[in-house]
Amino acid sequence: MNTALAQAPVASVASRAIAYRTRGSSHGPITRLVSPGDVGEWIKPFVFLDLFASDSPAAFRGFGMHPHSGIATLTYLMAGDMSYEDTTGKSGTLHADSVEWMRAGNGVWHTGAPMGDAPSLGFQLWVALPAALENAPALSQYLAPQEIPQAGPARVLLGSHAGVLSPIEAPSPMTYLAVQLRDGEHWRYVPPAGHTVAWVAVAAGALDAGGPVDTGELAVFEESNGAIDFVARGDTHFVLGSAVKHPHELVMGRYSVHTSRAALAQGEAEIRRIGAQLRQEKRLG
């Protein structure tokens, strides 16, 4: 097992150190913690992370219909309800503790908006795709709370942990977990071999992870094969990512990240084609 819980940290066990921390930049209810042009360069394949938190549906109107190519997005809804729709033909409602996985590949458009009067809280993550998938057909997958497996305090959103495998097929070696700890609990994460990239972002509460990580903050750990120790300061809810580092340059468009300019041009052409089709359907409708 690579999960351990106790009421106090084990002082004699070495843990990977924090190399960088950020509170990102906030625009209304959305805090951008990672972008491809900054922290995403260090923690790729994780190239983008937004934390969205709103007490009022009027203050957070959702993401609107927008395109992607070359990446996959994973939206983890921690509180509230959100509608979703995408150009693979899927639509419906995400409830608290649900997941939307959108592998954009060669191009897709999708949208999401809060429903009802409940507060919204969650993360949207972008993952850079390997060359073999960055221009593949789009694929979407939606997981209800009961479909997300759990290993100790960790819900396995992507990849595997402690012998538990997510129903979503990770595009490259990576793990993405949502973890809840009670005040004072200690939890140790031992990443799979080769996962030298690791980071944590806190949505509620605070952590001691070799240094404080507070609500709304992201911490990047030093690149190594070491374990990471966490102690909750208050009841704490956070997400954790680890991975083998993405070996490619990040070639960026407005909504896209690819491994080459040729792949980006192909993806953006498909985005334009789908966008024109959506506009035509709207006119006809």
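1. F238 has a relative accessible area of 0% and is therefore buried (under 20% relative accessible area; exposed is over 50%, partly exposed in between; 1.4 Å probe, protein chains only). W187 likewise counts as buried, at 0% relative accessibility. The model is predicted: local features need pLDDT of at least 70, side-chain atom pairs count only at pLDDT 80 or more, and totals for chains, interfaces and linings use all residues. Residues are numbered from 1 along each chain as its sequence is written, and side-chain values use heavy atoms, with hydrogens and water left out.

2. W187 and F238 form a tilted aromatic pair, with 6.2 Å centre to centre and 55° between the planes (rings of Phe, Tyr and Trp, the last by its six-membered ring, pair with centres within 6.5 Å; planes under 30 degrees apart are stacked, over 60 edge-to-face, the rest tilted). Because W187 lies in strand β19 and F238 in strand β23, the pair ties together parts 51 residues apart in sequence (strands are DSSP runs of E, at least two residues, numbered from the N terminus). Ring pairs link W187, F238, Y189, F221 and F230 into a cluster.

3. Strand β19 (residues 186–189) is covered on both faces: H186 and R188 are buried on one side, W187 and Y189 on the other. Four antiparallel bridges pair β19 with β23 (residues 228–243) (pairing requires at least two DSSP bridges). Opposite H186 stands V231 of β23.

4. Elsewhere, strands β5 (residues 46–54) and β12 (residues 120–128) run antiparallel and are joined by eight bridges. F48 has W126 in β12 as its bridge partner.
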